[in-house]
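Student: I would like to go through this chain step by step. Can we start once the sequence and structure are on screen?

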Amino acid sequence: MYDKTTRAIRVSVKPTFLEDQSSPDENYYVWAYRVQIENQGAETVQLRDRYWRITDGFGRVQEVRGPGVVGEQPVLKPGERFEYTSGTPLATPSGIMLGTYRMETDKGESFEVEVPAFSLDSPHQPVRIN
């Protein structure tokens with residue numbers, strides 16, 4: 001589990017390699033990641049936009065931007081949380097993801113919440129001993 005708190009918004013991520021959806025012989029590896037966003041602050045916020053930076057094992061970068069997450073722009077009152085599961089494929093057996101959510105307070109103020117960098121690891125990654 002990876003956690004990061006920005007301005008009283010805690011984001012936790014748990015990635016899982018999906019062996020049954022992956023095809024290592026075809027360089028196709030799939031992960032699901034479960035995200036929990038918890039408002040630990042005193043003001044109501046709404047998640048407006050997402051940004052993801054996905055880097056594969058060769059250092060190739062893909063950026064994803066868009067409104068909300070999984071088709072929603074959840075409103076979180078103090079003490080509330082929102083959870084969702086999404087996924088990503090890669091052409092390599094490992095990678096890393098990080099990102100941000102743009103939140104907006106009920107007063108119209110926008111701010112960025114960091115999503116912790118998290119590792120996408122599969123059992124197909126060659127082990128290197130230093």
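Tutor: One term is needed before the details: two strands pair if DSSP finds at least two bridges between them. Keep in mind that this is a predicted model.

Student: In what order do the strands of the open four-stranded sheet lie?

Tutor: Take the pairs in turn. Strand 1 and strand 2 are antiparallel and share five bridges. Strand 2 (residues 9–17) is joined to strand 3 by nine bridges, also antiparallel, and strand 3 pairs with strand 7 (residues 81–90) in the antiparallel sense over ten bridges. The order of this open sheet is 1-2-3-7.

Student: Why is one side of strand 1 and of strand 7 left without a neighbour in the sheet?

Tutor: Strand 1 (2–6) and strand 7 each have a single partner strand, so one side of each has no neighbour in the sheet. The reason is their position: both stand at the edges.

Student: By how much are neighbouring strands of this sheet turned against each other on average?

Tutor: The direction of the strands is ignored for this angle. The average over neighbouring strands of the sheet is 20°.

Student: Which residue in strand 7 is the bridge partner of I37?

Tutor: I37 belongs to the pairing of strand 3 with strand 7, which runs antiparallel over ten bridges. For I37, the partner in strand 7 is F82.

Student: How many residues of strand 3 are buried?

Tutor: Buried here means under 20% relative accessible area. Strand 3 covers residues 29–39, eleven in number, and is mostly covered. The buried count is ten.

Student: What share of the residues in the whole protein chain is buried?

Tutor: The protein chain has 130 residues, and its accessible surface is about 7,400 Å². Buried residues make up 40%.

Student: Among contacts between residues at least 6 apart in sequence, what share joins residues at least 24 apart?

Tutor: A contact here means heavy atoms within 4.5 Å. Of the contacts in the protein chain that meet the limit of at least 6, the share joining residues at least 24 apart is 64%.

Conventions
Residues are numbered from 1 along each chain as its sequence is written. This is a predicted model: local features need pLDDT of at least 70, side-chain atom pairs count only at pLDDT 80 or more; totals for chains, interfaces and linings use all residues. Side-chain values use heavy atoms; hydrogens and water are left out. Buried means under 20% relative accessible area, exposed over 50%, partly exposed in between (1.4 Å probe, protein chains only). Helices (H or I, at least four residues) and strands (E, at least two) are DSSP runs, numbered from the N terminus. Axes are lines fitted to C-alpha atoms, for helices over the stretch in contact, and angles run from 0 to 180 degrees between N-to-C directions. Accessible areas come from the Shrake-Rupley method with a 1.4 Å probe; for residues, only the protein chains shown count as cover.
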